[in-house]
Number of protein chains: 6
Amino acid sequence: MQLGFVSAILYDLSLEEVLAFAADEGFKCVELMCWPPGKSDRRYAGVTHLDVTHFGEEQAAHVRELVRIHGVKVASLGYYPNPLDPDPDHRKQVCDHLKAVVRAAPMIGVDVVNTFVGRDWKRGVADNFAMARDVWPAILRVAEEAGVKVGIEHCPMLFSDDEWPGGKNLPVSPATWRELFATFPDAPLGLNFDPSHLVWQFIDCARAIREFGDKIVHVHAKDERVDPERLYEVGALGLGWHKPRLPGLGDVKWGEFFAALTEAGYRGPVCIEVEDRAYEGSLADRQRALRQSRKFLEPYFG
Amino acid sequence: MQLGFVSAILYDLSLEEVLAFAADEGFKCVELMCWPPGKSDRRYAGVTHLDVTHFGEEQAAHVRELVRIHGVKVASLGYYPNPLDPDPDHRKQVCDHLKAVVRAAPMIGVDVVNTFVGRDWKRGVADNFAMARDVWPAILRVAEEAGVKVGIEHCPMLFSDDEWPGGKNLPVSPATWRELFATFPDAPLGLNFDPSHLVWQFIDCARAIREFGDKIVHVHAKDERVDPERLYEVGALGLGWHKPRLPGLGDVKWGEFFAALTEAGYRGPVCIEVEDRAYEGSLADRQRALRQSRKFLEPYFG
Amino acid sequence: MQLGFVSAILYDLSLEEVLAFAADEGFKCVELMCWPPGKSDRRYAGVTHLDVTHFGEEQAAHVRELVRIHGVKVASLGYYPNPLDPDPDHRKQVCDHLKAVVRAAPMIGVDVVNTFVGRDWKRGVADNFAMARDVWPAILRVAEEAGVKVGIEHCPMLFSDDEWPGGKNLPVSPATWRELFATFPDAPLGLNFDPSHLVWQFIDCARAIREFGDKIVHVHAKDERVDPERLYEVGALGLGWHKPRLPGLGDVKWGEFFAALTEAGYRGPVCIEVEDRAYEGSLADRQRALRQSRKFLEPYFG
Amino acid sequence: MQLGFVSAILYDLSLEEVLAFAADEGFKCVELMCWPPGKSDRRYAGVTHLDVTHFGEEQAAHVRELVRIHGVKVASLGYYPNPLDPDPDHRKQVCDHLKAVVRAAPMIGVDVVNTFVGRDWKRGVADNFAMARDVWPAILRVAEEAGVKVGIEHCPMLFSDDEWPGGKNLPVSPATWRELFATFPDAPLGLNFDPSHLVWQFIDCARAIREFGDKIVHVHAKDERVDPERLYEVGALGLGWHKPRLPGLGDVKWGEFFAALTEAGYRGPVCIEVEDRAYEGSLADRQRALRQSRKFLEPYFG
Amino acid sequence: MQLGFVSAILYDLSLEEVLAFAADEGFKCVELMCWPPGKSDRRYAGVTHLDVTHFGEEQAAHVRELVRIHGVKVASLGYYPNPLDPDPDHRKQVCDHLKAVVRAAPMIGVDVVNTFVGRDWKRGVADNFAMARDVWPAILRVAEEAGVKVGIEHCPMLFSDDEWPGGKNLPVSPATWRELFATFPDAPLGLNFDPSHLVWQFIDCARAIREFGDKIVHVHAKDERVDPERLYEVGALGLGWHKPRLPGLGDVKWGEFFAALTEAGYRGPVCIEVEDRAYEGSLADRQRALRQSRKFLEPYFG
Amino acid sequence: MQLGFVSAILYDLSLEEVLAFAADEGFKCVELMCWPPGKSDRRYAGVTHLDVTHFGEEQAAHVRELVRIHGVKVASLGYYPNPLDPDPDHRKQVCDHLKAVVRAAPMIGVDVVNTFVGRDWKRGVADNFAMARDVWPAILRVAEEAGVKVGIEHCPMLFSDDEWPGGKNLPVSPATWRELFATFPDAPLGLNFDPSHLVWQFIDCARAIREFGDKIVHVHAKDERVDPERLYEVGALGLGWHKPRLPGLGDVKWGEFFAALTEAGYRGPVCIEVEDRAYEGSLADRQRALRQSRKFLEPYFG
């Protein structure tokens, strides 16, 4: 396993600066954000460390050179839109860009692209699986051709009122993962496993790894803390009673997590994902967040 | 406190048979179901032990006589529709009937009517509070005139796909209770407190009683068991991972519950509500369910 | 479900006295001990409330008459020897008597006979399954003919030095139960389920009932308490760190137990089995033990 | 074991009424309060169901006759003053009266008198043991002569500001019990064991019974509930964060308690002691409290 | 946040040696002990790394120069006497010295002075607050003028017989903190927060930080371990059942602690306080203790 | 305490390479494996980093020189056969070699030799103690003469079918340790304490250290994880439901462990023992395992 980070939190640094920071701080790899250039529509989105909209051999060579110089691996490319958005125009735009990200990956020697399946948040699970059967085969075909695994992050994407009620991502639990893999049985599809999403769904993380270990193609290291005061107020059906935190500041049992992961034979990247409001005051704060997270997780890496 | 039961589970017995059963089995009181005669549209609904559609002094006198004969108190009247249904016709029909139930109560010496606030299950909390401000003043005025307290059951009513995503009842947690009482500050409104609804929302029941003890006008004794296997499958955002059970067969901490209730000074009825699939095979099974529940709860009654 | 008891603990009463006691104390049924007359070779064994060694229609008629008079059902017959004893003579004797018990059952209207599979306690699981394949088909054929289910108690029978190391009973856990039922797929074989045996094997009782619910043909209600002081001394590999106790005085979670049992659809007898050293001073003590156990369990019966 | 109650809570009933109530409600025994007639100086004190100040054979015969008529045993006599009060006059008065209670006991066939060791609440443990060595030999001599066991209740008597800091009773924990018994090695001294006092001292109750089982001469059944809100406010060094409650409404683990008690061979009286503010509104409330407590504890009695 | 230590444990090193050690070992800051020179009257007291008794500009300049050379910040000055000692002479002496410490602080660029409120350990909370209202205004006025925050350590100071019964410090819990801040509403007064003091008072540490986060002006990192064996012996009212330990060797939940602290926006010093008997054999042991503590806490610092 | 490792896991490195690796990675010491050259008969056995079969002053001088060069201490010698093997030839061979190891130790300045007591796994505890009284005095005499302490590892050695039923080592719990030390009261015998063996015997580790702290002469740092899925399947009497893991990946509570160890005054070596199947793919994996373990444990070392 290689300890790295998700580049989104360093949105104000250039690709070169991101790689330099990673190298200086002893990170082995990074997941590079590949949103299309332009304005973000939600927190932690809209970051473009790799612009795949016009990505030819020249651009690829430049990236490969930067990577060589800094000696930090690109663990994966990341782009987390809603491919099942109810608006067909938005959906097309998103899927086209996702394909571009997938096509760019092998050009710089990367074989995992992380994203969401997406969801029409106002419709139920069955309806969304129907839509997924329409939308996703084309993407997966491109991935197949590119020799790329698509790593599905299983975040429910249900944190705010505009994501209510269903959240903007479909496969969030063992039952929906199982259905996803049954729907696309031979596709280059895996999980971008993140324990923080299971904490507040009360899903047994170690058991999930025991069952789906061979489907894990990428790992996000993020923690999540239940706020008992707010949970009392609104109950599990409400919003705001759990918060993303740096590893070690939440309720993930990291020893159990890495025990299950190593027993399942996982040997890929583990990218720290920082979304902790207490560490977002400045670039220095966000860099400190990555540094602290690395210190906390190092004891699980040889 | 007086131990009784909710009459819905004995839907195939007449009012007289219900009262006779209660008396024979040592129950002190019953909550009588007052749905309008006709077909039920969901499980446990549609039961009419008291038909208030044509309820004059003659009918009332008959009921009072039955009560006198069997020596069992009518703890409350119950009618649990959706007063905030998105269909205005349905809404009107439901509110009219609810008012009829409220008006009937004092005629037989009853001062609590239990119901739901209701909810448009496809809309958010704020929208529904707006609708509640339209719909509820008229009902509460009738209650005021009748000298009746309206006991709001705080069940989320979110068990099946057709209740998804928001459930069919608005005030389900301390935050929404607080907003409800702030919205109608002097209204004859209270809680029909049922610990089973808090188990699966992970809301601290004893603390809720400490805070809202003086708002409790009626109590339902029902238990709820979390099914760990199904919770693993679908997570807390899914459906079906918790089940109503008889008192003692679920996760309610009854000692803590009655400790809080008595400390809060509650002295009213505690009506067993049976909705346990394992005890619904026959009338005998359902009667056995009530008998067993009574035995389990007796040690908390003097 | 019908609450009864295992007759062994009233070894000094006659069958008639046992039935009279059961009736007086409100028990609905009894499991009658059917050891061959003679000396017992271990505690709680060797009791003969029904002597099946010479059991013809006359004896059966007498028993049926006693049952009719006292209005207490015979839930099952019980005989708990070691059918896989390493001594072939002993084995034969035991199997012959077991067949006699099975044949007697239908003559008095009983369709469950409880026993052990047995085990050569000095040999491993595989060897013992091999022996079981030799020994058991004949017994099961007799059961088939008699229309009787054989209820296997899953006690490890490993309490004392002379039962060390393997204990005197083979199928003690989900893995061995599964193998047992796979070995004799169509045989009239089920479990005589007793939660006390799972406490000290640290096997999740509710989960076991979820998986094997349809195999349960009889239930023993016994509790088991872990002695933390002795567990510290000898560890889980030692002996003596857990003790059979009356229901309510041990570590069985009875609410969870009956929740699982009823959800699994079990509707048969639940026989209290008393093996609590603190209640064995005299016949009065042992009767008190049964009375107390009944009071403790009543709240789970309708 | 015999289930009874402490008579203090029925302070407004006469001895005869107390015995009649006990008989009617199925209690087997009572502990009779023997305060000197006059005003009480604290809650639950000052009750005189047996006036031993002028107690001759005539009075004794009258009591024996009442006991015979109602068929309820006098489990013990109780008088709970502070024999180590710093005021020597008060001390003398209290010790004299205690001796009178001890002398009265055998006259009505009672062999246990319950009381406190007492404590100068402003002085440390060592000073108080020194005073105990002065004060107690005389009392114990009288007990010896009378053939009476003195049952020491181990309540810290530290609930209110005027009992702060040390409380008004010395032997409250295993260490102080051990020292007490070592101080008076052959004296007729035992424990009046009450689990509620251990809850808030965080002392393992079952272990205490394992160690001191043979010293228990009487048992009080009272529960105690920790109030988490108040504990947060004042911490364990503060007052008011735990409250006496009826059995079943607090944090005592009753199954574990009776498991330990029976394993230790205890066979004496178990007297319910009611000091629950939620059940003190009226005589009816207090009688209800006893009735409810009895129902809750019955499942542990054969 | 800056990780440092309390200098008391290095009592045998000079100020310069303390700063050099801190710099060598990577500590960012130190809290300097400022007891008046002379003999200590209790463990961990009486250390003088900064002698404020004759502290002019010359001395200050020397200290500032040392600080500049070693590049280690002085986080705060510390002096922990009993300003509410019952002896008025001692009280005056202590308060005068405390004022001297406060006045010295700004001369070396320090704006926090840590101390105790103190307590007459033989009197109750109300009496002590009365005395605090007499004694403290003068101190706070000096702090106001000096631009210094007084950080109150909330240790109960109740570890040994000579501190019994009340301990030598008044504000030990949320209730007393609230009263303290209400008593001196606009004073430059805050908390020197130390989680170890809450462990054995059973006060929820994270909740305390949520409520009092904006009052925290300094943090001590010390752990505390409950000794279950001794707690059984003497109960929570006794002494000696909990022990100060290095961070990580006790019962403080550090992840939860730093999660709450960062969420509350705390950004100041976190000084390790070593009072662990297992690490006090020699200077090398005590230095090892600081080194080990730093390694344990580093993963919570960026 | 000095953090080191057990050399067995680096079986394919020479002694010099082992010491070089230790030095490079910052380990302070190693336990050197001293099996007789030849084939191993079980996993993790049969490693010979020090061949004591022909060990004269020349060999010793060479080892001392290597140790000097690399600056890594030899914490102990290790040889873990079955000295109570039922085969007398094997037994003799093993005991002879063990004596050779003991004699070699002082020649390279080592005073602890770790091993097993052994056990005839088919016989009970009493029989094996009898055999131990025959076999062990001779070994202990040699140790006495050599000035060497024998550190007994308390692993039950019961992981596979060929070790069933009793395991291949006798003293596995407080009761058997106590008997061992009573059997050889003045012998140079101590414990090679390893917390992983207590996890799955459910023995309280901290309490064991409190009781046997002064008997600990060496420590192994290994973790053990209970596999809940497999425990459900086979129960505590089965095999395979717990697995050795790297420190931090199992159920050992390391903070509690080191708290107890330091409080007991232990100051010797703590050698990481790697037996984690997830880290055995290659030499690099096994080295990574040691590196990771060191990082995890460092925060407990000063």
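The backbone nitrogen of Ala278(C) lies 2.9 Å from a polar atom of the side chain of Asp276(C). Asp276(C) belongs to the loop between strand E10 (269-272) and helix H10 (283-297) of chain C; helices (H or I, at least four residues) and strands (E, at least two) are DSSP runs, numbered from the N terminus. With a relative accessible area of 1%, Asp276(C) is buried, where buried means under 20% relative accessible area, exposed over 50% and partly exposed in between (1.4 Å probe, protein chains only). Apart from its neighbours within four places in sequence, Asp276(C) is in contact with Tyr44(C), Pro244(C), Arg245(C), Leu246(C) and Leu249(C); contact means heavy atoms within 4.5 Å.

This is a predicted model, in which local features need pLDDT of at least 70 and side-chain atom pairs count only at pLDDT 80 or more, while totals for chains, interfaces and linings use all residues. Residues are numbered from 1 along each chain as its sequence is written, chains are lettered from A and ligands numbered from 1 in the order in which they are written, and side-chain values use heavy atoms, with hydrogens and water left out.

The arrangement of the chains may be considered next. Chain A can be laid on chain B with an RMSD of 0.0 Å by a turn of 180° and a shift of 0.0 Å along the axis; copies are superposed by least squares on the C-alpha atoms of residues with pLDDT of at least 70 in both. The two copies are therefore related as by a two-fold rotation axis. The same surface serves both copies, since 100% of the contact residues of chain A recur in chain B. Of the residues of chain A, Pro165(A) comes closest to this rotation axis, with its C-alpha at 2.9 Å.

Pro165(A) is placed in the loop between strand E5 (149-153) and helix H5 (174-183) of chain A. In chain B, a cis peptide bond joins Trp164(B) and Pro165(B), with omega about 5°, and Pro165(B) lies in the loop between strand E5 (149-153) and helix H5 (174-183) of that chain. Most residues other than glycine have a negative phi, and most peptide bonds are trans.

The loop between E5 and H5 of chain A also holds Phe159(A). At 31% relative accessibility, Phe159(A) counts as partly exposed. Leaving aside neighbours within four places in sequence, the contacts of Phe159(A) are Trp200(A), Glu224(A), Leu239(A) and His242(A). In chain F, Met157(F) is found in the loop between strand E5 (149-153) and helix H5 (174-183). Phi of Met157(F) is near 50°, a positive value in a residue other than glycine, and Met157(F) is buried, with a relative accessible area of 8%. A positive phi also occurs at Phe202(D), where the value is near 55°. Phe202(D) sits in the loop between helix H6 (196-199) and helix H7 (205-212) of chain D and is partly exposed at 27% relative accessibility.

Chain F can be laid on chain A with an RMSD of 0.0 Å by a turn of 120° and a shift of 0.0 Å along the axis. These two copies are thus related as by a three-fold rotation axis.

Where these chains meet, 15 residues of chain F are in contact with 13 residues of chain A. The two chains bury about 1,300 Å² between them, 46% of it on carbon and sulfur atoms; buried area is the accessible area (1.4 Å probe) that two parts lose on being put together, summed over both. In chain F, Arg225(F), Gln292(F) and Lys295(F) lose the most area to chain A, together 33% of what that side buries.

Between chain F and chain A there are 5 salt bridges, each a side-chain nitrogen of Lys or Arg within 4 Å of a carboxyl oxygen of Asp or Glu. Lys295(F) forms a salt bridge with Glu298(A), the closest N and O atoms being 2.4 Å apart. Helix H8 (228-234), strand E9 (242-245) and helix H10 (283-297) of chain F each supply at least two residues of the side that touches chain A. The largest share of that side, 6 residues, comes from H10(F).

Chain D, by contrast, does not touch chain A, and their nearest C-alpha atoms are 13 Å apart.

Terms used: A polar contact is a pair of N or O atoms within 3.5 Å; within protein, one must be able to donate a hydrogen and the other to accept it, and residues adjacent in sequence count only if both atoms are side-chain atoms.
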